[in-house]
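Please read them with the coordinates open.

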Amino acid sequence: MISIIIPVYNTEKYLARCIDSVLASTYSYFEIILINDGSDDRSLEICREYGDRDNRIKVITQENQGVSAARNRGIKESSGEWIVFVDSDDVISCDFLAAAADHRWQDADIIFFDYSGYKETGNVKGHGRVHDCTPSAYYYGAKDRLLIIRKMLCAKNLTDDTRTSLLSPCAKAYKRSLIMKHAISFSEDIIIGEDRLFNLEYYFWAQKYAHISRTVYYVTWRVNSLTHCYQMNLVENYYIFHRKLREFMKAQGIFEDLEDAYFDTVQAGLTDILIYGIFNPRSTRTYSERRRLCRNIRDDEIVRLALGYQDKKGNFPRRVLLFLFAREYFGMVNLVCKLSYFLLRRLKR
């Protein structure tokens, strides 16, 4: 049994396409758990229509609590040996579940697959095609644990020649027994980075990892996705996230081995909150408020330590931005952030 957990929040435009892609699977021993997280569009109506049509679909509705709470509820309601997370605006290939259920890698604790992205205005190519060849698995063991966590912290793919994200919970199959044994859950007090914390904990406890080099998951690139929208409380989210990250790594004795990768994550997060939070063109803060907020962030203990790595970590644009930030050239930081914001949004169109 495979449990497919789909959090739903105001995605009436994409939801039917998402559910249809799962129902088109060549493997049929699955359950779909739709968690309507307080949608105020037609999403709940669509969920119920599908629930009435297929008894493998379970519809759960709750007040809006965020994607983490929805996924945690899905885990609690699941009964499969494997758990697969699918976002309600994405689609999966018809042979994703069959590949996850293949008997040859059932001893793995997690199965990684490849993903592809497409713009929301385009067509999804390839998701309905059954692959001709039988997939091969590449295995990683406990000795590779720190390598996998390092790549995840630095936002790198599993391998250089594949698109296997270690950050997102999507395009993967998780052993439900491992999640339950270690009480792994998504942090409900943050809105960005919760998937990275979940995966960090899961990767740490896993003993065997399998990588199936096959594209089975198709991500919708949306300009107005949560990651790229203006969030007033992004700074508070940032503080909570990197402290939780450090606490877990220190508790498990892996912080010293991965200290540089941790600070790379802190730097990447700082770059995001500068571009999408503090200097976001949609922000209602005055310029003086932004400067004051920047100084408060710069005085944070962890941020100050991370800025000490700025000449060693990250790509050149990020190093330039953090160089300006560390020296309080906030006028230049403002200019670079706004330019980056519009360039990044254009790339998503």
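1. The model is a predicted one. I start with M249, which is part of helix α8, residues 234–251. The relative accessibility of M249 is 0%, so this residue counts as buried. Leaving aside residues up to four places away in sequence, M249 touches L153, L200, I254, F255, L258 and Y262.

2. Next comes the packing of helix α9 (residues 259–278) against helix α12 (residues 316–326). Their axes come within 11 Å and cross at roughly 75 degrees. An angle from 65 to 115 degrees counts as roughly perpendicular, and α9 and α12 are therefore roughly perpendicular to each other. On the α9 side the contact is made by D264, Q267, A268, L270, T271, L274 and I275, and on the α12 side by R318, L321, L322 and F325. By residue class, this contact of α9 with α12 divides into seven nonpolar, two polar and two charged residues.

3. Which residues of α12 are buried? They are R318, L321, L322, L324, F325 and A326.

4. Helix α1 spans residues 15–23, and its buried residues are L15, C18, I19, S21 and V22. Viewed down the axis of α1, these buried residues fall within an arc of 155 degrees, so they line one face of the helix. As background, an α-helix has 3.6 residues a turn, so residues three or four places apart point the same way. The cover over the buried residues of α1 includes the strands β1 (2–8), β2 (30–37), β3 (57–62) and β5 (91–92), together with the helices α2 (43–53) and α4 (96–100).

5. How many disulfides does the model contain? The count comes to zero, where a disulfide needs two cysteine sulfur atoms within 2.5 Å. For C170, the closest cysteine sulfur is that of C18, 9.4 Å away, which is too far for a bond. C337 is in no disulfide either: the nearest cysteine sulfur belongs to C294 and is 7.8 Å away.

6. Are C170 and C337 buried or exposed? C170 counts as buried, at 4% relative accessibility. C337 is also buried, with a relative accessible area of 0%.

Terms used:
Residues are numbered from 1 along each chain as its sequence is written. This is a predicted model: local features need pLDDT of at least 70, side-chain atom pairs count only at pLDDT 80 or more; totals for chains, interfaces and linings use all residues. Side-chain values use heavy atoms; hydrogens and water are left out. Buried means under 20% relative accessible area, exposed over 50%, partly exposed in between (1.4 Å probe, protein chains only). Helices (H or I, at least four residues) and strands (E, at least two) are DSSP runs, numbered from the N terminus. The arc is that of the directions from the helix axis to the C-beta atoms. Contact means heavy atoms within 4.5 Å. Axes are lines fitted to C-alpha atoms, for helices over the stretch in contact, and angles run from 0 to 180 degrees between N-to-C directions. Angles under 35 degrees count as roughly parallel, over 145 as roughly antiparallel, 65 to 115 as roughly perpendicular and the rest as oblique. Ala, Val, Leu, Ile, Met, Phe, Trp, Tyr, Cys and Pro count as nonpolar, Asp, Glu, Lys and Arg as charged, and the others, Gly among them, as polar.
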